[in-house]
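Please open the structure in your viewer and keep the selection panel at hand. The tour below moves from one selection to the next and says what is there.

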Amino acid sequence: MSSPAIPSAPGALARFFDGDVWYSFKNSPMAIVAAVIAALCVFLAVFAPWVAPHNPFDMAALNLSDARLPPAWVEGGSRKYLLGTDDQGRDILSAIMYGARISLFVGVASVLVSMIVGVGLGLLSGFAGGKIDALIMRVCDVMLSFPSLLVALLIDGVGRAIFPNAHDTLAFGVLIVAISLTGWVQYARTVRGSTLVERNREYVQAARVIGVKPSRIMFKHVLPNVMGPVLVLATIHVAAAILTEATLSFLGVGVPPTSPSLGTLIRIGNDFLFSGEWWITIFPGVMLILIALSVNLLGDWLRDALNPRLR
Amino acid sequence: MLAFILRRLAQALVVMLSVAFIAFMLFPYVGDPVASMLGQDATPEQREALRAELGLDQPFPLQFAHFVGNALQGDFGLSLRQGRKVSVLIAERLPATLELSLAAAVIALLVGIPLGVYAALRRGTFSSQVAMTASLLGVSLPTFLIGILLILVFSVQLKWLPSFGRGDTVSLGGWTTGLLTLDGWKHMILPAITLSVFQLALILRLVRAEMLEVLRTDYIKFARARGLPNRAVYFGHALKNTLVPVITITGLQLGALIAFAIITETVFQWPGMGLLFIQAVQFADVPVMAAYLCLVALIFVIVNLVVDLLYFAVDPRLRIEKPAGGH
């Protein structure tokens with residue numbers, strides 16, 4: 001009745017490298033390229049304070065005479081600032097790294113929150129059935145009939161109305177809640193579907209017969225068996241969450257201006273488009289596209305690799 | 001079928017009421033209207049009088065009913081930021097957004113469906129692969145970046161097209177339209193393309209996938225066996241069945257267009273409802289937010305209803321009443 005012991009770490013690793021998923025990864029050039037780009041982006045973002053050539057938030061180091069310098073390879077550019085500088089003399093490359101850090105943080109955090117909410121409600125819905133199930137699914141239907149961007153904007157707007165003078169931490173919280181509340185529906189539906197299948201399996205019936213508590217059956221026995229599709233969803237969802245965050249920040253209702261994400265950088269750069277300073281907005285945009293595309297491609301690959309019907 | 005329509009109507013009503021409820025719940029967060037209207041030195045009696053006059057002393061359900069009643073007449077009060085009637089503000093902005101969304105929808109359909117059919121019929125050729133790759137980009141690129149890139153190329157570099165505003169408009173009895181002037185058309189091109197890219201890519205991919213699915217079915221083989229020319233098989237038989245899911249998605253996307261218009265309108269400073277809404281969110285202008293929300297929800301609900309009804313028109317199988325039980 002106790003769940004099988006979790007295999008020790010080296011055993012699990014060896015099994016992974018022997019397994020189908022690794023094999024399919026090795027044989028998919030697209031997945032490898034996407035993984036390399038994604039890993040590079042994540043590395044630059046996470047270790048921004050250590051690998052960035054400048055600190056864009058260090059007011060003392062900013063030099064206004066360096067403002068609006070073009071990228072190094074364009075005439076008038078300086079070797080010191082590889083991708084040029086913005087209107088306050090901040091190094092674009094460093095700003096992008098720090099911005100990607102914030103974008104990734106918000107993206108991953110909101111995916112985690114929506115995953116927990118969605119998986120929890122999906123399990124409950126599939127396991128309890130009846131009125132609870134009907135209610136949760138109705139709410140899902142309503143949520144799905146509105147575009148997620150609109151829901152996120154609305155929640156963000158409500159957050160702003162409730163806490164008009166929110167400080168930065170709270171602003172981040174509101175933003176993460178806004179993005180995650182639009183994303184949980186897909187998890188809930190996926191998990192509910194798999195739970196409905198799993199709960200009629202023999203092992204669940206056996207557990208029930210020997211008197212295991214329903215909550216224990218739900219989390220110990222059913223949950224591990226419904227997580228596969230959830231992981232695929234989560235991967236693709238990270239890209240979507242990052243794009244939603246970027247969009248909200250671009251619209252000026254996302255992260256607080258003191259910690260600019262990629263979307264904020266693009267918004268700032270947009271003002272300089274007409275004076276010819278395209279690099280202020282284009283490079284953050286390229287970074288955003290690289291992250292979103294590589295994560296999406298990885299998600300696509302993972303979906304195919306985990307789908308036994310496609311093997 | 002009547003039962004089906006009634007059930008959908010009831011659902012639509014529930015959705016509208018819940019959205020209205022959410023909108024209504026926003027109001028207490030903007031502060032006490034009595035305090036802001038009377039100022040600091042009002043007597044408690046004056047406050048009570050105004051409270052009663054505004055209906056704020058009534059029980060909660062009655063207040064909500066009052067709100068819904070006003071909303072039904074299009075009355076959402078005054079904008080906190082601009083001090084003008086919300087209904088007037090929205091009515092001014094509505095034509096711009098609708099014209100933009102409509103133009104984007106037309107572009108997405110007129111380009112997306114033929115390209116999708118082409119990509120399916122000429123599967124594996126170079127040009128169809130180019131179309132598929134481009135559509136993948138179209139789905140993953142954020143709308144605001146597409147807009148910025150278009151501005152950079154066509155407005156800043158080439159100086160062909162204007163990049164903000166609606167240009168010259170003509171007023172037709174309260175409805176301002178940019179479709180009657182050359183300048184209005186020029187201003188429309190970039191925003192409409194920006195707004196349409198995502199939907200276009202989506203429709204292209206959907207039509208291609210559906211078409212490939214349909215071309216595999218038996219009745220297509222049978223049509224070929226009858227010796228029908230390719231054109232009749234593809235466009236007379238296959239395309240018709242392809243379009244059923246396309247109608248659903250397109251219908252639902254029409255609502256999404258109005259929502260996505262928020263981004264496009266911000267990039268191009270297009271004076272539509274989206275720009276109004278985003279400013280309202282920035283300044284926590286609750287009456288405007290509430291009104292926009294209810295209006296967009298209404299548009300969504302109507303679009304969903306129409307899509308459901310279109311099903312009956314397109315798919316004859318649905319018109320046969322099913323035996324009792326199940327749906």
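Of the contacts in chain B with a separation of 6 or more, what share is accounted for by residues 24 or more positions apart? That share is 71%, where two residues are in contact if their C-beta atoms, placed from the backbone, lie within 7 Å.

Before selecting anything, note that this is a predicted model, in which local features need pLDDT of at least 70 and side-chain atom pairs count only at pLDDT 80 or more, while totals for chains, interfaces and linings use all residues. Residues are numbered from 1 along each chain as its sequence is written, and chains are lettered from A and ligands numbered from 1 in the order in which they are written.

**Chain B as a whole.** Select chain B, which holds twelve helices and two strands; helices (H or I, at least four residues) and strands (E, at least two) are DSSP runs, numbered from the N terminus. Colour chain B by pLDDT, the predictor's confidence in each residue, from 0 to 100: the mean is 80, and 90% of the residues reach 70 or more. Where pLDDT is low, the predicted coordinates should not be read in detail.

**A residue in helix H8 of chain B.** Next select Phe198(B), which is found in helix H8 (residues 182-215) of chain B. Phe198(B) is buried because 23 other C-beta atoms lie within 10 Å, the term requiring 20 or more other C-beta atoms within 10 Å of the residue's own, with C-beta atoms placed from the backbone. Apart from neighbours within four places in sequence, Phe198(B) is in contact with Gly138(B), Val139(B), Thr143(B) and Phe260(B).

**Where the chains meet.** Now show both chains, whose contact takes 33 residues from chain A and 29 residues from chain B. On the side of chain B that touches chain A, helices H1 (2-26), H7 (143-157), H10 (230-268), H11 (273-282) and H12 (286-314) of chain B each supply at least two residues. By class, that side of chain B has 24 nonpolar, five polar and no charged residues, where Ala, Val, Leu, Ile, Met, Phe, Trp, Tyr, Cys and Pro count as nonpolar, Asp, Glu, Lys and Arg as charged, and the others, Gly among them, as polar.

Technical notes. A residue is buried if 20 or more other C-beta atoms lie within 10 Å of its own, exposed if 12 or fewer, and partly exposed in between; C-beta atoms are placed from the backbone.
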